[in-house]
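Let's explore a protein together, one question at a time. Take a moment to look it over before reading on.

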Amino acid sequence: QVKLAESGGGSVLPGGALKLSCRASGDGYMIRYCMGWFRQAPGKEREQVAGTDSNGLNTVADSVKGRFTVVRDYVEDTLTLQMNSLQPEDTDMYYCGGRDVGSSAWCSSAWGAAYNYWGRGTQVTGSP
């Protein structure tokens, strides 16, 4: 059973920075998985903000481009999200997600499909 564990959330002033980390476990071939960061405010749909595939392609949503950077370590099975210039609108619960594409497949795109593994989330607050 795949488990995802986030860490690194907190509260910062507008313009500040935070780094989120996610550690994956439970499958010796996590490289096959799509991995991503998502955020969700109460009463709103979960929004994907970053995604990584099996081939080293790391991308972020247009809404955070230039401020957020995602990095995946395929050896340590970790996923980090560096968030700079945080703003009040970035305040959300952030979740690490994983998508199993099948035992004989590799993730070719980390966007546009449902994820089936989730961490418990970590709160990020960017306000005074």
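Predicted model: local features only at pLDDT ≥ 70, side-chain atom pairs only at ≥ 80, totals over all residues.

Q: How many cavities of 30 Å³ or more does the structure hold, and what is the volume of the largest cavity?
A: Let's begin with the count: the structure holds one cavity of 30 Å³ or more. The volume of the largest cavity is about 60 Å³.

Q: Which strands each supply at least two residues of the lining of the largest cavity?
A: Start with the residues that line the largest cavity: Ala24, Met30, Ile31, Met35, Arg72, Asp73, Tyr74, Asp77, Thr78 and Leu79. Now look for strands that each give at least two residues to this lining: they are S7 (68–73) and S8 (78–83).

Q: How do the residues of the lining divide into nonpolar, polar and charged?
A: Ala24, Met30 and Leu79 are among the residues lining the largest cavity, and so are Arg72 and Asp77. Sorted by type, the lining has three charged residues, one polar and six nonpolar.

Q: Which residue forms a salt bridge with Asp90 in which the closest N and O atoms are 2.9 Å apart, and where does that partner lie?
A: A salt bridge needs a side-chain nitrogen within 4 Å of a carboxyl oxygen, and the model has seven salt bridges by this rule. With its closest N and O atoms 2.9 Å apart, the pair of Asp90 and Arg39 is one of them. Asp90 sits in the loop between S8 and strand S9 (92–99), 51 residues away from its partner, which lies in strand S4 (residues 34–40): Arg39.

Q: Are Asp90 and Arg39 buried or exposed?
A: Buried means under 20% relative accessible area, and exposed means over 50%. Asp90 and Arg39 both fall into one of these classes: buried.

Q: Why does the salt bridge between Arg39 and Asp92 tie together parts that are apart in sequence?
A: The side chains of Arg39 and Asp92 meet at 3.7 Å, N to O. Because Arg39 belongs to strand S4 and Asp92 to strand S9, the pair ties together parts whose separation in sequence is 53 residues.

How values were computed:
Residues numbered from 1 in each chain as written. Heavy atoms only, no water. 1 Å grid on protein atoms, 1.4 Å probe; cavity = no way out; pocket = protein on both sides within 12 Å on 5 of 7 lines; lining within 4 Å. Points joined across faces, edges and corners; volume = space filled by probe spheres on them. Helix = DSSP H or I, 4+ residues; strand = E, 2+ residues; numbered from the N terminus. Nonpolar A, V, L, I, M, F, W, Y, C, P; charged D, E, K, R; others polar. Buried < 20%, exposed > 50% of the residue type's maximum accessible area, 1.4 Å probe, protein only.
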